[in-house]
Every structure is written in structure tokens, then in C-alpha cells.
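Here are my notes on this one, as numbered points. Have the viewer open while you go through them.

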Amino acid sequence: MFTKRDQINKDLVKRISIFQANTMLFAAIAVYFTTDYYAAVATFAGGAVGFLSSVLYTWVALKPMQNIKPNKVVGRFYIGGAVRFITLVVLFYAALHVTERISQVDNTLYLLIGLVISQLVHALSPAFLKQGG
């Protein structure tokens, strides 16, 4: 059973994830219209890497926290950070290979742009999204 705080956190995480996914899609569309299709795919792939790692982090770190000790809460955040880092490395490696196979042009910069945008949105969106409403 969720406490009120858990429900507020769950709603905020859902809104942050939706905002992050929409921003990632908007960035890929913007790159498509300013450069080409393959750069847009690379931007989307980089953003997807950041998005998926952020979702896994929040899933691990913000499980319902019903009356658990503070050191266990901190431990969850450390475990979530480790999962996020491993996911970033593995998925970014896979994204490099996928974009290398579909395009002859080096789109590593666009992969990085998508990843950076995705991570910035994840980090800064709690300041822009009102909690609890």
C-alpha cells in the first residue's frame, strides 16, 4: 500500500518521465529538420539511452518506502545510481553500434547531444514541475 508521500513521488516521477520523453522526441524532430534522418535517429537513440537509465534509476531508488530505516533509503539511491551507470554504459555502447550500422557518417556527436539533453531534462525538471499537482 502506498503512503501519501509515495503517491506524490510516483506522480512526480511519471510527469518527469513524460516530460523527458517528449523533450527527447522534440529534440530528434528538430535535428531531423535541421540536418538529416540519421542524425535524428542518433539523437533519439542517445536520448533513449538517457531516458531508459533514468527510468531504471527511479524504479530502483523510489520503491515504496513504508517505514524503512534511513540508511536503507540511502542504500537504494546508491544501488539505483550503480544500475543507472551500468545501463548508460551498456545501452550507449549498443547505440553506437546501431547508429554506426545504419549510417556511413559518424553521428557520435548527435548521440551525445541526445544523451545530454535527456539527462539535463531529468535533472532539471523537478525545478519546473510542481510537486503534488
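1. Start with the greasy surface: Leu25, Ile29, Tyr32, Phe33, Tyr37, Tyr38, Phe44, Val98 and Ile102 make a nonpolar patch of about 900 Å². Helix 1 (4-34), helix 2 (37-61) and helix 3 are the elements giving two or more residues to the nonpolar patch, and the largest share, four residues, comes from helix 1. For the cut-offs, patches take residues with over 30% relative accessible area and no salt bridge, joining nonpolar side chains (Val, Leu, Ile, Met, Phe, Trp, Tyr) within 5 Å and like charges within 9 Å. A salt bridge here is a Lys or Arg side-chain nitrogen within 4 Å of an Asp or Glu carboxyl oxygen. Areas are Shrake-Rupley with a 1.4 Å probe, and for residues only the protein chains shown count as cover.

2. Before you go further: this is a predicted model, where local features need pLDDT of at least 70, side-chain atom pairs count only at pLDDT 80 or more, and totals for chains, interfaces and linings use all residues. Residues are numbered from 1 along each chain as its sequence is written, and side-chain values use heavy atoms, with hydrogens and water left out.

3. The overall build is four helices and zero strands, running α-α-α-α from the N terminus on. Helices (H or I, at least four residues) and strands (E, at least two) are DSSP runs, numbered from the N terminus. Along the principal axes, the C-alpha atoms fill a box of roughly 55 × 30 × 20 Å.

4. Of the 133 residues, 35% count as buried (under 20% relative accessible area; exposed is over 50%, partly exposed in between, with a 1.4 Å probe and protein chains only). Ala39, in helix 2, is buried because its relative accessibility is 0%. Tyr32 in helix 1 has 42%, so Tyr32 is partly exposed. Phe85 sits in helix 3 (residues 70-102) and is exposed, since its relative accessible area is 56%.

5. How do helix 3 and helix 4 pack? Helix 3 and helix 4 (residues 108-128) meet at about 150 degrees, with axes 10 Å apart. Helix 3 and helix 4 are therefore roughly antiparallel (over 145 degrees; under 35 is roughly parallel, 65 to 115 roughly perpendicular, the rest oblique). Axes are lines fitted to C-alpha atoms, for helices over the stretch in contact, and angles run from 0 to 180 degrees between N-to-C directions.

6. One C-alpha distance to check: Phe85 and Leu120, 35 residues apart along the chain, are separated by 15 Å.
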